[in-house]
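Okay, thanks everyone, let's get going.

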Amino acid sequence: QVQLVESGGGLVQAGGSLRLSCAASGRTFSRYAMGWFRQVPGKEREFVAVIGVNGAFRYYGDSVKGRFTISRDNAKNTVYLQMNSLKPEDTAVYYCSGKVSSTSYTVTSNYDYWGQGTQVTVSS
C-alpha cells in the first residue's frame, strides 16, 4: 500500500508561482510512475503531468506545457509540481497519483493510488 499526501496549495495572484509536494509512504515509491491531476466542480479530473520511475520520462497536458514542471526525489519519497505563470483557469483541486503499470498515463482509472487533494486558487 502507498499513501499519498499533497501539500503546497493556496491562493496566488495570476502570474505567480506555487510548488506542490506529494509525500508518499512505503518503500516502493521508486517503482511508481507519479502523476498530477486536477479537478474543478462539475468537471472530470484532468491530466496535468506524469513522471517516470527514475525521472527521465516526463509528459505534460497541453494546458500546462511550458509553465509547469514535474520532478521527483526518490530518496525523499516525494514528487513535486512547480507551477509558474499561473492563470485563473488553473484554479482546481490538485491530486497526486501513482501507478505501476505501463498503461496510458493520462487516464485516471489507470492509477492505483491517490492523495486527498490540495486546493489551488489563482485570482485575476
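This is a predicted model: local features need pLDDT of at least 70, side-chain atom pairs count only at pLDDT 80 or more; totals for chains, interfaces and linings use all residues.

The link of Cys 22 and Cys 96 is left-handed, at -80 degrees about the S-S bond. Cys 22 sits in strand 3, residues 18-24, while Cys 96 is in strand 9, so the pair ties together parts that are 74 residues apart in sequence.

Are those two cysteines buried or exposed? Cys 22 is buried, at 0% relative accessible area, and Cys 96 counts as buried as well, at 0%.

Now look at Ser 97, in strand 9, which covers residues 92-99. Ser 97 is buried too, because its relative accessible area is 0%, and buried means under 20%. What is Ser 97 in contact with, leaving aside neighbours within four places in sequence? The list includes Leu 4, Met 34, Trp 36, Tyr 111 and Trp 114.

Back to strand 3. It runs antiparallel to strand 8, and six bridges join them. As an example, Ser 21 has Tyr 80 as its bridge partner in strand 8. Strand 8, residues 78-83, is mostly covered, with five of its six residues buried.

Strand 8 also pairs with strand 7, residues 68-73, antiparallel again and over six bridges. There, Asp 73 stands opposite Thr 78. Strands 7 and 8 form a hairpin with four residues between them, and in that turn Asn 77 has a positive phi of about 55 degrees.

That's my tour, thanks.

Technical notes. Residues are numbered from 1 along each chain as its sequence is written. Side-chain values use heavy atoms; hydrogens and water are left out. Helices (H or I, at least four residues) and strands (E, at least two) are DSSP runs, numbered from the N terminus. Buried means under 20% relative accessible area, exposed over 50%, partly exposed in between (1.4 Å probe, protein chains only). Contact means heavy atoms within 4.5 Å. A disulfide is a pair of cysteine sulfur atoms within 2.5 Å. Two strands pair if DSSP finds at least two bridges between them.
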